[in-house]
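Please open the model in your viewer and keep the selection panel at hand.

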Amino acid sequence: MKKIITVLIFTFTLTSAVSAQGFLSKSQVHGSFEVDGMYYQADDALGITDEEINGNVFGFNGFADIIYTLGDFSAGFRYEAYLPPIAGFDPSLDGQGFPYLWASYTTEKFSFTVGNFYEQFGNGLTLRTYQEWTLGYDNSINGARVVYEPVKGIILKGVYGTQRYFWAKYEKNGRGIVKGFDAELNFNDVFSSMADSKVKLIIGGSAVSKYQSDQKESLKLPQNVGAFAGRFNLGIGKFNFSSEYSYKINDPSAINNYIYKAGDALIFSGSYSTKGLGIFAMFKRIDNMSYKSDLDVTSNALDINFLPAMVEAHTYMLASMYPYATQPNGEIGYQVAITYKVPKKSKIGGKYGMGISINYSQINDIAREKANDSTDGFYEPGTMGWKSDFLKFGDQVFNRDLTIEIDKKFSRKFKSIFKYIYQDYDIATILGHTGDPNVKAHIGIVDMTWKFTSKKSLRWEVQGLWTQEDKGNWAAALLEYTISPHWFFTIADQYNYGNKHSYERIHYYTGSFGYTLKTTRFALTYGRQREGVVCVGGVCRQVPASSGFYVTISSSF
Amino acid sequence: MKIRYITILLVLIASILNSCDKVTPPYVEKLDYCFGNKKVLIEDYTGHGCVNCPQAAVIAHDMNEKFCAERDRFVIIGVHAGYFAKPDFENNPVFAADYTTEAGDTWDTFFGNSAMGNPNGLIDRVEGPTGYVYYPQSWEDIAAPLLLEPAQALITISNDFDTENNTLATLIKTNFQEDVTGTYKLIVCITQNNIISAQKNNDESIGPTPIDSAYVHNHVLRGTINGTWGENLSSSGSVDMSTTYEKTYTQLFADDWIPEDCQVVAFVYLEETKQVIQVEELKVLE
């Protein structure tokens with residue numbers, strides 16, 4: 001609360017210098033709100049009893065984000081409340097307050113921010129702070145940031161501060177202090193001779209360091225851990241290539257079991273794009289690149305860097321059952337995606353054309369072997385951990401995904417999407433089901449939409465997932481009636497008909513409706529939520545099975 | 001203005017370039033954890049439906065060996081509480097057993113263990129930045145500095161078991177080693193080893209998966225003798241270094257409490273913080 005008062009006093013003091021009339025005409029306030037509420041009920045089929053709920057029948061997540069702007073000055077805050085957090089969100093979020101407070105002064109060449117801020121260097125391999133509401137994730141830095149653009153095309157950034165850790169205040173000898181610097185040079189902006197060139201080139205580099213005092217008696221810890229990265233983006237006509245390599249010095253932590261080997265990461269991607277055709281390929285390798293500002297934290301918090309995911313992000317009910325979570329201790333893989341638009345009025349394309357996309361990705365463990373140095377030990381605390389050939393794939397497949405999608409419009413009123421997915425998923429490593437074999441699943445999806453009028457439409461999905469592993473086969477269906485732009489009504493069911501245990505052959509049914517008025521949206525859902533995992537960008541949280549009402553209200557101005 | 005910002009950036013660059021501590025082997029610093037009289041309480045919150053819990057039990061068990069092979073520095077209580085500890089006869093008859101206790105359920109609710117997903121535990125009920133609950137991977141880190149502290153109090157236990165009446169009489173003596181302030185409480189409880197019963201498991205190195213029908217449950221909390229939160233060592237709550245606090249408790253054993261497999265666990269904690277300052281354990285029958 002003291003922080004809020006400080007920001008308000010600061011804002012008031014600054015604005016008092018401006019005439020009241022000018023102040024009112026130049027000031028702007030923007031904001032957004034969201035509340036998500038869950039009412040739990042007992043459900044024998046899911047094994048949820050009144051005894052287990054134990055009176056905790058409500059879960060509540062909510063936030064309000066307010067931004068005030070006056071000329072070059074802006075300030076804002078975010079209020080958050082988790083009273084208590086909805087099931088599946090980290091219980092450490094329990095509480096309410098103002099975790100995000102900031103003030104910023106920005107001119108054409110400079111920007112100076114104090115308080116909380118989000119920042120990203122390149123792809124984030126050395127630093128990325130962000131907030132993801134659906135994960136309950138926030139690793140914002142509380143400190144200061146300077147951005148300087150001496151000439152157009154050169155951007156220099158510096159950050160310094162400590163990261164948010166739920167509601168815990170920073171204390172001396174607690175979590176680490178983060179400092180970082182990034183520089184980016186856009187050749188086409190800086191050099192006039194390249195202004196109109198077909199070759200577009202941007203290069204950049206970053207350096208980040210965290211300081212955390214050595215509080216462990218048993219290990220000799222590095223108090224300052226640095227990470228460095230270099231990157232480029234090269235466009236040549238219809239081709240584009242992008243890459244970033246990052247290196248981190250010894251950083252023993254709970255995530256890597258306190259080993260001392262250096263970490264590195266490489267991302268390389270290339271794409272070709274022309275009318276009707278797009279080709280994208282990517283290679284990624286990560287080796288011991290978890291980088292947190294507290295070496296003992298294993299939960300989704302205090303990440304300094306971000307390791308991008310490299311899989312198709314599935315949104316359909318059954319296709320999202322086995323989402324991939326990036327493995328920071330090591331993974332190597334590639335992805336190839338091709339999209340092709342069959343032209344209109346062709347034999348296959350018909351009157352409206354047809355879209356085809358094929359996406360294949362594979363991620364394996366890196367090939368590891370004993371380091372054979374003086375520290376001895378494989379993957380053991382206080383050792384080098386392992387050594388690994390840079391381009392060698394390990395035997396263990398973490399994730400393999402083949403997705404083939406065809407979208408076809410048959411008439412002005414009728415369109416559909418057909419999708420086939422094959423997944424090979426290491427449920428033991430990713431979800432911690434140690435000893436379980438990889439899940440090999442075939443998934444088929446048909447998604448059809450019929451437009452009655454320009455505002456009324458009916459969409460239905462039929463899905464099937466077939467696998468011998470984990471919980472066996474699933475079927476799902478969804479019916480959604482939309483009256484644009486205000487109303488939607490949906491009923492859906494996921495049925496685990498192939499479960500080897502008859503008592504687990506459960507229907508996960510839901511019914512929901514929603515109303516949207518301008519920027520305000522209300523939605524109410526009743527039904528069952530199956531146990532699973534929610535992932536955004538390779539960062540995941542576990543969601544327990546639940547039953548009851550779910551309401552969400554959001555608005556912005 | 002421009003110079004000020006550039007200066008800030010230059011200072012930042014310089015400090016980052018100087019911010020790399022390359023550590024050279026050996027990385028492990030040898031400390032003598034056999035020295036000292038402080039014992040640490042590990043409360044392993046578990047349940048027979050929790051597939052990862054056997055691994056946590058192994059971690060707790062191995063900590064004694066790891067820190068000091070010559071003598072036990074840890075006392076373990078296996079608290080069966082929460083969703084995974086529920087009897088589940090309807091879905092699978094092998095999980096009909098109920099090892100939950102009134103004290104365990106109350107502690108679980110208060111400290112928030114099962115709400116965070118088992119397995120997890122409390123280490124001397126030390127409160128960290130996000131609460132009392134720690135996942136097994138960090139138990140060692142929390143426990144290590146505690147072992148190096150001198151014990152604020154010493155506890156001795158004397159047991160006398162009446163086999164005819166199936167009743168235990170246990171004398172608990174607490175002697176403070178330094179002047180302390182605050183309200184100190186004593187909890188006395190019974191734990192039991194060698195309970196053979198089904199347990200979900202996903203680690204083949206520990207036992208059959210996914211269900212180990214002959215899993216050996218150790219340190220299972222059977223109940224507290226003097227209430228869920230224990231009782232004050234002195235009538236006023238405050239304690240004196242020169243006084244030995246002692247009290248005898250009697251406890252009738254239930255039919256399935258095998259005296260040969262049971263222990264008395266006694267621990268003293270500061271009520272204001274809930275942190276345990278000393279713990280001791282003694283078999284009911286030697």
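What percentage of the 286 residues in chain B do buried residues make up? Buried residues make up 41% of them, a residue being buried if 20 or more other C-beta atoms, placed from the backbone, lie within 10 Å of its own.

This is a predicted model, in which local features need pLDDT of at least 70 and side-chain atom pairs count only at pLDDT 80 or more, while totals for chains, interfaces and linings use all residues. Residues are numbered from 1 along each chain as its sequence is written, and chains are lettered from A and ligands numbered from 1 in the order in which they are written.

Select chain B, which has four helices and 13 strands (DSSP runs, H or I of at least four residues for helices and E of at least two for strands, numbered from the N terminus).

Next, show chain A as well: 40 residues of chain B are in contact with 44 residues of chain A, contact being C-beta atoms, placed from the backbone, within 7 Å. On the chain B side, the elements that give two or more residues are α1 (2-17) and α4 (139-147), and α1(B) gives the most, with nine residues.

Now select B:C189, B:F267 and B:V268, which touch the most other members of the 65-residue largest nonpolar core, a core being a set of buried Ala, Val, Leu, Ile, Met, Phe, Trp, Tyr and Cys residues joined through C-beta atoms within 7 Å. Strand β12 (residues 262-270) of chain B gives the most to this core, with seven residues.

Notes
Contact = placed C-beta atoms within 7 Å. Buried ≥ 20, exposed ≤ 12 C-beta atoms within 10 Å, placed from the backbone.
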